[in-house]
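This report examines selected contacts within one protein model. Please study the sequence and the structure shown below before reading on.

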Amino acid sequence: MDNLYGLTEREMTDLLTGWGQPAFRGTQLFSWVQGKQVEDYSRMVNLPGTLRQELDAHYSLYLPDVVTMQTSLKNDTQKALLRLEDGLTVETVLMRYRRRDARDRNTVCVSSQVGCAMGCPFCATGQGGLQRSLSAAEILGQIVRMNKLLKKDHPQDKVTNVVFMGMGEPLHNTAAVLKAIRLLGDPGGLNIGARRITVSTCGLVPGIRQLAGEGLGVTLAVSLHGATNEVRDRLVPVNRTYPLEELIDACRDYFETTGRRITFEYALIEGENDRQEDARQLGRLLRGLNCQVNLIPLNPIQDGQYCRSPGVRGFVRLLEGQGIEAVVREEMGADIDAACGQLSSTQKEM
């Protein structure tokens, strides 16, 4: 059964007019689903009862169910294990940023797949492989669910930002991700604009080029983790298909097409990519590209073979000395395995 959370207002209108309903019913339905985020047709009081029954017979309003919820010691991060309609699970993270000198943010780190096919050896998600990709409704449903949970405790708050950095490779599920982004940005729905959305990729060049051509203007974050093909071949296996030369060309084209600065994610791993020479090679690789490097202290995973580098601050200085803007990623949720590279769908029910 299809899920209404994956339909645009135009699609809802076309559906209902095809059933002999007036076009304005589509707008009403979209408002109930994307605006009010209802989970029960009985609440749609301005729709005829017979129409609600017909919709209920053909379309689901299912939102992912919370299996378990964990809260970090700092109370700024919550991780939910969410059950999809077919029983599979994904992890989704809500991060609450409170700033003195900038606006507060409530960011959802959303999953795009159950598992991941990319096989990066330091990432928990990829250890079990890919089970399947998510639909646009399942992607959006995670954000709606987290928005509801946020509002339950903080009625005046709402989700303001979305990062496609959860389980899976977003550009390995491009169609669903693009549709979810458009639904997120609809003024009649969550109304989260492109400048508040980040799509992360480990380097799927065709997907980057497709994303550039969509005219969405979202931020592109590239999980780099190495400045040479030799290092990336080990740490990011997709590099064997799309080597650094192709990846950096695609990133340059993305900036030229969208005007959006590229973010490069770089997890510092002791003995693998944290030497002074690695920093110099990274500086040469990114020279002239409008970008920022987010340095990520490696987060531990079960049975992980890699160790966190002790030289993060020194690596920052080496990059800055070459004119490369670099920051250390703020660590949130590592104590509940909610940080970068720690998400999986194997958490047991509590």
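Leaving aside its neighbours within four places in sequence, with which residues is Thr13 in contact? Contact here means heavy atoms within 4.5 Å. By that rule, Thr13 touches Ala23, Gly26 and Thr27. Thr13 belongs to helix H1, residues 9-18; helices (H or I, at least four residues) and strands (E, at least two) are DSSP runs, numbered from the N terminus. Thr13 counts as buried because its relative accessibility is 7%, where buried means under 20% relative accessible area, exposed over 50% and partly exposed in between, with a 1.4 Å probe and protein chains only.

The model is predicted, so local features need pLDDT of at least 70 and side-chain atom pairs count only at pLDDT 80 or more, whereas totals for chains, interfaces and linings use all residues. Residues are numbered from 1 along each chain as its sequence is written, and side-chain values use heavy atoms, with hydrogens and water left out.

**Aromatic rings**

Rings of Phe, Tyr and Trp (its six-membered ring) pair if their centres lie within 6.5 Å; planes under 30 degrees apart count as stacked, over 60 as edge-to-face and the rest as tilted. The count comes to 2 aromatic pairs. One of them is the tilted pair of Trp19 and Tyr59, with 6.5 Å from centre to centre and 50° between the planes. This pair links distant parts of the chain, 40 residues apart: Trp19 lies in the loop between H1 and helix H2 (24-35), and Tyr59 in strand E2 (residues 59-60). Trp19 is partly exposed because its relative accessible area is 32%, while Tyr59, at 14%, is buried.

Charged ends also sit over rings, a term that requires NZ of Lys or CZ of Arg within 6 Å of the ring centre and within 35 degrees of the ring normal.

| Charged residue | Ring | Distance from ring centre |
|---|---|---|
| Lys36 | Trp32 | 4.7 Å |
| Arg105 | Tyr97 | 4.3 Å |

**Two packed helices**

Helix H9 (residues 276-286) packs against helix H10 (residues 312-320) at an angle of about 35°, and their axes are 9 Å apart. Axes are lines fitted to C-alpha atoms, for helices over the stretch in contact, and angles run from 0 to 180 degrees between N-to-C directions. On the H9 side, Gln276, Asp278, Ala279, Leu282 and Gly283 meet Phe315, Leu318 and Leu319 of H10.

**An exposed loop residue**

Gly128 is located in the loop between strand E7 (113-115) and strand E8 (130-133). Its relative accessible area is 69%, and therefore Gly128 is exposed.
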